[in-house]
Amino acid sequence: MGLGLLLVLVGFQPVLAQRGKKKTPTRQQSAAGKAKAKQAPAKAKKPTKPQPAPKKNTTQRPTTRRTSRAETEDTEVSLRQSRQQLEAEKRRNQERITEINRVLNQTASKKTATLTELKALNSKIETKSKQIDLLSQDLNLLNQEMRGLAVQSGKLARDLKNLKREYASMVYAASKTANTYNKLSFLFSANSFNSLVMRYQYLRQYTEARETQARHIEQVRGELATKQQTIKYKQVRKTDVLQAQVTETKTLEVTKERQAAVASELSKQETTLKGELGERTKAVNRLDNAIANVIEREIQRAAREREERLRRERIAREQAERQEAAAKARAEAIAKARADAAAKAAKAETPEKAKEIIKEAEEEVAKTPEVRPAEPTRASIGAAPEAEAGASFGSSRGRLPWPVRSGYISEHFGLNSPMPGITTRNLGVDIATNVGEPVRAVYEGIVRNVMSVPGMGTVITVQHGEYFTIYAKLASASVSEGHRVKAREVIGTALSDRNGGAEINFQIWKGRGKMNPEGWLAGK
């Protein structure tokens, strides 16, 4: 018993030296205390029992806190995703504004207003309006983020207050038994060695709980400081967005004024403008007819090839059936000849005669012409690549690369009205770009036609199974008919127009039907 107590005390002394707040009584104080205890034994107090050690992390309510934290994390993830999407959209929109400004700078050198400038101004107004809407969304998102941060900060502040209050209670309770004498008395008052060990573990857990509580306080204090700093950053960010929104609104008003001035000037050139639009309408009709003829030719060619494949397959199938029938007839004839020979051999007078009959029968069988089985037909193999190309192209909707690296859609698919009283028709989309900009194939396929159309420059038609992509208003072509192109392969360059700018016309057809290319191109 004595040796066990000694071992426990030896292990406990470092803990007491680290945990205890008061110094160990001196020898004189201990002696005085013992003398006083002998003089008044009846008044000696019982060892004060330390308060029960609190459970670790008492302020945490596992289920509720875990659920609240999970909901907070889900909200933060959702807001983060919204922020990423919004920033990406703002960046793409700003890039489009930059490209439009580049076109406007090119047309600014012209002394007179042009339809190209008016189209660029219309696109800029559309894009600026969208940018202002995106900034409004940014403000709404910032308000949501700040509200969420405020709620989280409030929760953290309440947690910190509760933690401090509980920690103060623990310190107060520990102060009652802080000196070494009380702890030793608590230990030696145990009525057994096991009880002493349990009391020692009890004191150690109590000390660890206080340390854990202190660490938790520091952690919550750090989280609260981070949230408060983030709120300040969001407030600064909100001020910047508001200022950007004001700037964009002013720029939009200036652009609208310039648009009205250009439209007014163009209205004075009504005769000239209508003549240009008339020429353009003729060019569009010529292009439409030329493309329709090319596609019709390819459809008919594909139909002829399909009929030819079916004819070859039918011939091959009939030949295989004939060969199979001939082989079957030969096998039956051979079996009959051998059966007859076997019957005659059985009636032969001598074994030598029977062998001679069998030998003669086998020689006759050997003279029968051999029929080779028909080889599998390969007539349908040629159709597979085109069919696969059409299927894969159809599944690429919304993911096709742009035919030019730099540019924006200056005129949409279908009917357009750049100014009151003026209506134009577009078979695809016009993409404003740089003069001499390389034009790329958006998908792998076969070049079916390269031609020159008055008013539309060089036109290239590429087939992708049942789909066709058309690239018009090119200055030159770097491919020829029958050439198999890869995706993003350069096939020509953009043509300069009379106003010093450049734009290409891009179309997508499915068979004889025109499709809106904007739904097929990937976002820039």
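**Exercise 1. Is E360 buried, exposed or partly exposed, and what is its relative accessible area?**

Before we start: this is a predicted model, where local features need pLDDT of at least 70 and side-chain atom pairs count only at pLDDT 80 or more, while totals for chains, interfaces and linings use all residues. Residues are numbered from 1 along each chain as its sequence is written, and side-chain values use heavy atoms, with hydrogens and water left out.

*Solution.* 
- Step one: find E360 in helix 8, residues 351-367 (helices are DSSP runs of H or I, at least four residues; strands are E runs of at least two; both are numbered from the N terminus).
- Step two: E360 has a relative accessible area of 44%, so it is partly exposed (buried is under 20%, exposed over 50%, partly exposed in between, with a 1.4 Å probe and protein chains only).

**Exercise 2. Work out where K119 sits and what it touches.**

*Solution.* 
- Step one: K119 belongs to helix 4, residues 115-175.
- Step two: its relative accessibility is 8%, so K119 counts as buried.
- Step three: skip the neighbours within four places in sequence, and K119 is in contact with R280, S410, E411, P418, D430 and E503 (contact means heavy atoms within 4.5 Å).

**Exercise 3. Take R280 and D430 and describe how their side chains meet.**

*Solution.* 
- Step one: they form a salt bridge, at 3.7 Å from N to O (a side-chain nitrogen of Lys or Arg within 4 Å of a carboxyl oxygen of Asp or Glu).
- Step two: this pair links distant parts of the chain, with R280 in helix 7 (residues 270-346) and D430 in strand 4 (residues 429-433), 150 residues apart.
- Step three: R280 and D430 are both buried.

**Exercise 4. Which parts of the chain does the K514 and D288 pair tie together?**

*Solution.* 
- Step one: K514 and D288 form a salt bridge, their closest N and O atoms being 3.6 Å apart.
- Step two: K514 is in strand 12 (residues 513-515) and D288 in helix 7, so the pair ties together parts 226 residues apart in sequence.
- Step three: K514 is partly exposed at 34% relative accessibility, whereas D288 is buried at 13%.
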